Amino acid sequence: MLAEMRIQGLGVIDDATLELDPGLTVLTGETGAGKTMVVTGLTLLGGGRAESSRVSAGARRAVVEGRFAASPGALELADEVGAEADDDGSLIAARTVSADGRSRAHLGGRSVPNGVLGRFAEAQLAVHGQNDQLRLLRSSDQRALLDRFAGDAVAVPLAAYRAVRSEWLKVVAELAERRDNARRLAQEADMLRHGLAEIEAVDPQPGEDRELVEQARRMVEADDLRAAAEGARAALSGSDDGEHPGAVGLAGQAKGLAEGSGDPELAELGPRLTDAIAVLADAAAELSGYLNRLDADPERLSQVLARQAELKALTRKYAADTDGVLEWAASARERLDGLDTSDGALAELARRRDELAAELAGHAAEITAARTEAAGRLAEATTAELAGLAMKDARLQVGVAPRPAGDGGPVLVVDGRECHAGTGGVDEVEVRLVPHPGAAPQPLHKGASGGELSRVMLALEVALAGSDPVPTMVFDEVDAGVGGRAAVEIGRRLARLAQRHQVIVVTHLPQVAAYADRHLVVQKASDTGETRSSVRRLSEEERTQELARMLAGMDDTDTGRAHAEELLAAATAHRDADRAASAPADLARARSRRAGTSGARTRGAARRRKAG
């Protein structure tokens, strides 16, 4: 429920605070006073489009704030985005629109994307205006309205239908791709197989190309390396003929001379020279081992160069090095597994497609059955409401029929008929009006005038009231184009709707305003040359004067006030009588909805068993 709303700098409203209560609240005021700005503010709180033209002249920005007694779902959303509720569990939503068109949204003191406010408002607020009457003319919106009325009887199988439909479409698309592109895919598969065969024949190993480069370098430079190693060994070990002693021999001579000198100081050098001889001997031995390992075999070099040529043939085609070639091969094997165009693979996909289609058709038939059952109840309930809205001879029909295939969309066979399988099922829903006995049913856009369309929308909302979870409903001049007895009945229906919802109505009809539990008036003033408006709550005496003004501008006459008092008394009597009768009626509607849901589920289960 919306407990409080503040508007600053929006249109002609400079600064106004609306304190709201449960039940029916009406807003009235003279033309141009700014009543529509209240609805605009509510639309902004619901995530609606922000327009800089709505900002008051001279103001830097417009600000709309609303305090909501939040539902559990709204509190979960607030927790998800890090918003905080007040101590009493209420949430403050705010929207700011600057004069340059920039917009900011806040929820629970936290800056949030505008879409979050939209999600928040879906569970808290429903705004109905002239555009909603136009939307009522569209088939898709009529179907959504019927689904709201049907509740879980449609919502549960529709969720299952959408999940299966998504998988079914994927399988259908994959099968079509494999069939339509079989030649291209076969060519791609052949190319991948050829590449894998070529790589497997060479059998490259990780890092092999780098190892071969090093081996080849040593073989090509073997003579130079051998000469260097032999010279180093000769310097250490001496010549083979003994004519030229090496470093090891000279160190041995030095050791003998030092130790044989008889001088203790020279003798102390003996151990150190012994260590030097050991180090030099080790180095000479390692050089001999290097010379033994040094491969100068021309045949081995030829083999290494041939292997390099094989690897280069692969790296020219598939990657920069052997590691990359191995990665390409792994990727090719994975791709090849997904390019199975064999008859067995196609048959398996076709089997899965048909299996999903049968399951999808079962869900679609269950949805159709539930909609058809709910359509009869919705038509009956709405027709009953129309009778009280000065349309006693009118009847509403809600038709549910399969949408034929043929527009290029997905086709599903349901009960032997080819249907368009859309996201909302296979049904088309059309609301038709029979204005009087003997008249042919006409679609709403052909058979209803503006005033009749307003009453049809209100009658539908009253019929939907028991199944609509939104706690706050806002109507912007839903009474447009009507008057007299019909206006009285519109007020009475809005009061009935307010027994289960918080209802806020912008109206210009005194017959509607008389049914309000509280009456707010939007007043304008032009003391400084600029029109500015404010909103205030009326006392009972002020309310009588406002109704007299609305009746015929006779707020300052006894006749006008007497007429207003009579209107208020009649509305109070109607409201009290309706409230006394609402409890058993609500119980009967609840039982009817439960019976309809149970029947639809039973029929759906039977259809699935039959399909299985």
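Modeller: In this predicted model, helix α6 passes helix α15 in a left-handed crossing. Helix α6 covers residues 152-180 and helix α15 covers residues 343-387. Two packed helices are described by the angle between their axes and the distance between the axes. Here the angle is about 155 degrees, and the axes are 8 Å apart. Because an angle over 145 degrees counts as roughly antiparallel, α6 is roughly antiparallel to α15. The residues of the contact of α6 with α15 comprise 21 nonpolar, 10 charged and one polar.

The aromatic pairs come next; the structure holds two. In one of them, the ring centres of F68 and F120 are 5.2 Å apart and the planes stand at 85 degrees, so this pair is edge-to-face. F68 belongs to strand β4 (residues 61-69) and F120 to helix α3 (residues 114-122), so the pair ties together parts that are 52 residues apart in sequence. F68 counts as buried, at 2% relative accessibility, and F120 counts as buried at 1%.

The pair of Y318 and W328 has ring centres 4.5 Å apart and planes at 40 degrees, so it is tilted. Y318 lies in the loop between α13 (298-317) and α14 (322-337), while W328 lies in helix α14; the pair therefore ties together parts that are 10 residues apart in sequence. Y318 counts as buried at 17% relative accessibility, whereas W328, with a relative accessible area of 23%, is partly exposed.

Note on methods:
Residues are numbered from 1 along each chain as its sequence is written. This is a predicted model: local features need pLDDT of at least 70, side-chain atom pairs count only at pLDDT 80 or more; totals for chains, interfaces and linings use all residues. Side-chain values use heavy atoms; hydrogens and water are left out. Rings of Phe, Tyr and Trp (its six-membered ring) pair if their centres lie within 6.5 Å; planes under 30 degrees apart count as stacked, over 60 as edge-to-face and the rest as tilted. Helices (H or I, at least four residues) and strands (E, at least two) are DSSP runs, numbered from the N terminus. Buried means under 20% relative accessible area, exposed over 50%, partly exposed in between (1.4 Å probe, protein chains only). Axes are lines fitted to C-alpha atoms, for helices over the stretch in contact, and angles run from 0 to 180 degrees between N-to-C directions. Angles under 35 degrees count as roughly parallel, over 145 as roughly antiparallel, 65 to 115 as roughly perpendicular and the rest as oblique. A crossing is left-handed if the near helix is turned anticlockwise from the far one by less than a right angle, and right-handed if clockwise. Ala, Val, Leu, Ile, Met, Phe, Trp, Tyr, Cys and Pro count as nonpolar, Asp, Glu, Lys and Arg as charged, and the others, Gly among them, as polar.
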